[in-house]
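Here are my notes on this one, written as numbered points. Have the viewer open while you go through them.

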Amino acid sequence: MKLVGKIALVTGAGQGIGKGIAEVLADEGADIVINDIYADERCEVLADAIQKKGRRALVVAGDVSKRADVDRIFDAASDFGPIDVLVNNAGIETIIPFLELTDKQWEEVTEVNLKSQWMCAQTFCKRAIAEDREGSIVNIGSIQAARVLPGRTHYAPSKLAIEALTRNISAEMGYYGIRVNCVHPGLIDTPMIRWVLESPEILPGVVGQISLGRPGQPLEVGKAVAFLASDDASYITGQSIYVDGGWVGK
Ligand code: NAP
């Protein structure tokens, strides 16, 4: 197990990729702080499943795009113990034609997908440095950092920018032993893209672009995150890796 004795905070972990990441990190020995915007039944079910694996689990609700919530999430999480691993997973996707996009829609996507990662990473690093602790951050980007899909002129830039955010934070935080990497998922079977998976018109065209010829599962993203978060990746920082079944590579 790669993460025995570590505590990991996973944002947006109530469902989908975040839930899969939380499960894999727990399988690797980590205790998990589960964040989602609401502390609803999904989070409690996940916490219960993690506790059944013999790990500790704490649910902390909060909107990671709001500074006050970020501070409150980290305060609550630190009662659980010092956080070793931050996974910036929470994100939203909307599909809006470029000419119809409003300021409010641009700001909402950018704040949830990008600003949240900057705020959470800065809060994590300030606290780790103050306590003289090293750490690891994994930011979740998207295949759309490299592939154009219609109606994503707001979403795609918020995800491509995560690569630059990752590189720049890693450059400043390397001195403190804090590593920062990014995982770009491809088509992953979650509620966010269920409409694609359930569309006989759209799905074959998308899957046809994927070398492995199938959507991925949240646990497959979780395994890449666990590797990057662990000491197995002790000399890897500032990198972005595609977990996309060979979509970008095809
Ligand atoms: P999902 O099924 O919609 O799950 C996202 C979770 O994040 C939800 O539980 C959501 O809560 C939560 N969340 C949303 N806004 C939040 C906020 N401001 N603060 C805290 N939690 C918040 O999405 P997913 O497919 O698992 O995606 C996870 C990440 O992977 C996102 O960053 C997404 O952009 C990225 N991604 C996904 C795919 C894919 O194919 N699925 C591909 C590339 C990248 P609610 O449900 O209550 O809104």
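This is a predicted model: local features need pLDDT of at least 70, side-chain atom pairs count only at pLDDT 80 or more; totals for chains, interfaces and linings use all residues.

1. Let's start with N113, which counts as buried because its relative accessibility is 0%; buried means under 20% relative accessible area, exposed over 50%, and partly exposed in between, with a 1.4 Å probe and protein chains only. You'll find N113 in helix α4, residues 103-130. Helices here are DSSP runs of H or I with at least four residues, strands are runs of E with at least two, and both are numbered from the N terminus.

2. Residues are numbered from 1 along each chain as its sequence is written, and side-chain values use heavy atoms, leaving out hydrogens and water.

3. Now the ligand. It has 30 residues around it, the closest being I17, D36, N89, Y155 and T190; a residue is near a molecule if one of its heavy atoms lies within 4 Å of it. By class, that shell is made of 15 nonpolar, 11 polar and 4 charged residues. For the classes, Ala, Val, Leu, Ile, Met, Phe, Trp, Tyr, Cys and Pro are nonpolar, Asp, Glu, Lys and Arg are charged, and the others, Gly among them, are polar. α1 (16-27), β2 (31-36) and α5 (155-173) each give the shell at least two residues.

4. Which residues put a polar atom by a ligand oxygen? D36 does, with a polar side-chain atom 2.6 Å from an oxygen atom of the ligand. I17 uses a polar backbone atom, 2.8 Å from a ligand oxygen, and R42 has a polar side-chain atom 3.1 Å from one. The protein covers 90% of the 890 Å² of accessible area that the ligand has on its own, with areas taken from the Shrake-Rupley method and a 1.4 Å probe.

5. G14 sits in the loop between β1 (7-10) and α1, and G14 counts as buried because its relative accessibility is 2%. The C-alpha atoms of G14 and R42 are 5.4 Å apart, though 28 residues separate them along the chain.

6. E41 belongs to helix α2, residues 41-52. Is E41 buried or exposed? E41 is exposed, because its relative accessibility is 64%.

7. Please check the backbone at D132, where phi is near 55 degrees, a positive value in a residue other than glycine. Most residues other than glycine have a negative phi. D132 is in the loop between α4 and β5 (135-140), and D132 is exposed, with a relative accessible area of 74%.

8. Last, E93. E93 lies in the loop between β4 (85-88) and α4, and E93 counts as buried because its relative accessible area is 18%. E93 and I193 are 100 residues apart along the chain, yet their C-alpha atoms are separated by 9.1 Å.

Notes
A polar contact is a pair of N or O atoms within 3.5 Å; within protein, one must be able to donate a hydrogen and the other to accept it, and residues adjacent in sequence count only if both atoms are side-chain atoms.
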